[in-house]
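Hi everyone, thanks for making time this morning. I'd like to walk you through one structure, so let me put it on the screen.

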Amino acid sequence: MKTITVNASKQYNIIIDSDILSKSGELAAKAVGVCNCAVITDSNVDKLYSKTLIESLEGAGYNVSKFVFEAGEESKNANTFVDILEFLATSGLTRSDCIFALGGGVVGDIAGFAASVYLRGIRFVQIPTTLLAMVDSSVGGKTGIDLRTGKNLAGAFHQPSLVICDTSLLNTLTPEIFADGCAEVIKYGVINDIELFSLISSSIRENIDEVVASCVKNKSLIVEKDEFDNGCRQLLNLGHTIGHAVEKCSNFKISHGSAVAIGMVIVTRSAVNVGICEVSTLENIIKILKENSLPTECDFTAKELAEVALSDKKRKGNTITLAIPYNIGDTRLVKTHIGELESFIERGLDK
Ligand SMILES: NC(=O)c1ccc[n+]([C@@H]2O[C@H](COP(=O)([O-])OP(=O)(O)OC[C@H]3O[C@@H](n4cnc5c(N)ncnc54)[C@H](O)[C@@H]3O)[C@@H](O)[C@H]2O)c1
Ligand SMILES: [Zn+2]
């Protein structure tokens, strides 16, 4: 069992091991004490894992209620959010009680946001069940929902009290959803962890506990330095500024992980073409993405991608900060004028 402690505005542990879902009750009791709790999950994960979790919680003395919503990003909206709040109130949860978010990033985001708002904030435990949720969304305290105008436009920073990563739950993921998480894993290696990059060059799946632990450690170090996303946390956007544009241009037919993979290749090739990054770095990134069933190209033009990237509502003023790889393990933040983004992408598409 690996334990990583995050020292953000609140201190909490992330526990990583296989077959620990059935021990969640005793693990949570140490972190939040025994109380009334609500398990929040989606319709797919409910069928697979709710029973084991609830038996474990009840075995440890918890009084458990459960809320299930339809699986999928479409559910991460204000209606489901209010339904969850009403459910918490009807179940009689008080400020000393706790929420368990059992699922992928969608469950973690919406359940965490409900925890941040219900009674002005109660505690919550993350039990991520996708690779993306284990290495990314369950760590760092960003919670939220989508609005009709765009993704993740309403939310709060609310750190969990405990994160339990049972890596054996990943065995039931489809290959596509597993691959999506691999894009985020590869991202951490490229940002600042050459050792992780060489570990995953052999296999992500065969080293899964160590891989999840390294990614969580990387993310927690960045979150400790910049919890509220004003500085180095933007490094985690590697591949995302252009990746989000790829996702939107495809009308979300290209998945998040695939889009991030394409985005990483575009920024790296652009860096190669201006002479700040070796071509071998680009080749290594493309090789590992392909080995993990991720795409490295798309058909959109630089103009299309730049237009969409610049319409991002979270952009600040006339500059955009890009995370650019100089080498594997050495990614830097570079402020770029918005007028230069299209030519930056153009260079990234130019083989
Ligand atoms: N808060 C953050 O910092 C942060 C970071 C990255 C992404 N996100 C958010 O995370 C979300 C994407 O997360 P995701 O990729 O985990 O999507 P998801 O939660 O929709 O899960 C993907 C699919 O896998 C199913 N599933 C989950 N666990 C399973 C398992 N163990 N076995 C079989 N099926 C399983 C789900 O039911 C769903 O159909 C997006 O909404 C994104 O905005 C948040
Ligand atoms: Zn991502």
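**Helix 4 and its surroundings**

Let's start with helix 4, which has 13 residues and spans 18 Å from its first C-alpha to its last, close to the 18 Å expected at 1.5 Å a residue. Please keep in mind that this is a predicted model.

So, how many of the residues of helix 4 are buried? Eleven of the 13 are, so the helix is largely enclosed by the rest of the structure. Among these buried residues are Gly-105, Asp-109 and Phe-113. Just after helix 4, Leu-119 has a positive phi of about 50 degrees.

Now over to strand 3, residues 36–42. Six of its seven residues are buried, so strand 3 too is largely enclosed by the rest of the structure. Strand 3 pairs with strand 4, residues 63–69, in the parallel sense, over seven bridges. Strand 3 also runs parallel to strand 5, residues 98–103, with five bridges joining them. Together with helix 2, strands 3 and 4 form a right-handed β-α-β unit.

That brings us to the ligand. There are 29 residues around ligand 1, and those that come nearest are Asn-44, Gly-104, Gly-105, Thr-130 and Ser-137. Helix 2 and helix 4 are among the elements that give two or more residues to this shell, as are helix 5, strand 8 and helix 6. By class, the shell holds ten nonpolar, eleven polar and eight charged residues.

Note on methods: Residues are numbered from 1 along each chain as its sequence is written. Chains are lettered from A and ligands numbered from 1 in the order in which they are written. This is a predicted model: local features need pLDDT of at least 70, side-chain atom pairs count only at pLDDT 80 or more; totals for chains, interfaces and linings use all residues. A residue is near a molecule or strand if its C-beta atom, placed from the backbone, lies within 6 Å of it. Helices (H or I, at least four residues) and strands (E, at least two) are DSSP runs, numbered from the N terminus. Ala, Val, Leu, Ile, Met, Phe, Trp, Tyr, Cys and Pro count as nonpolar, Asp, Glu, Lys and Arg as charged, and the others, Gly among them, as polar. A residue is buried if 20 or more other C-beta atoms lie within 10 Å of its own, exposed if 12 or fewer, and partly exposed in between; C-beta atoms are placed from the backbone. Two strands pair if DSSP finds at least two bridges between them. A crossover is right-handed if, with the strands pointing away from the viewer, the path from the first strand over the helix to the second runs clockwise. The expected span of a helix is 1.5 Å times one less than its number of residues.
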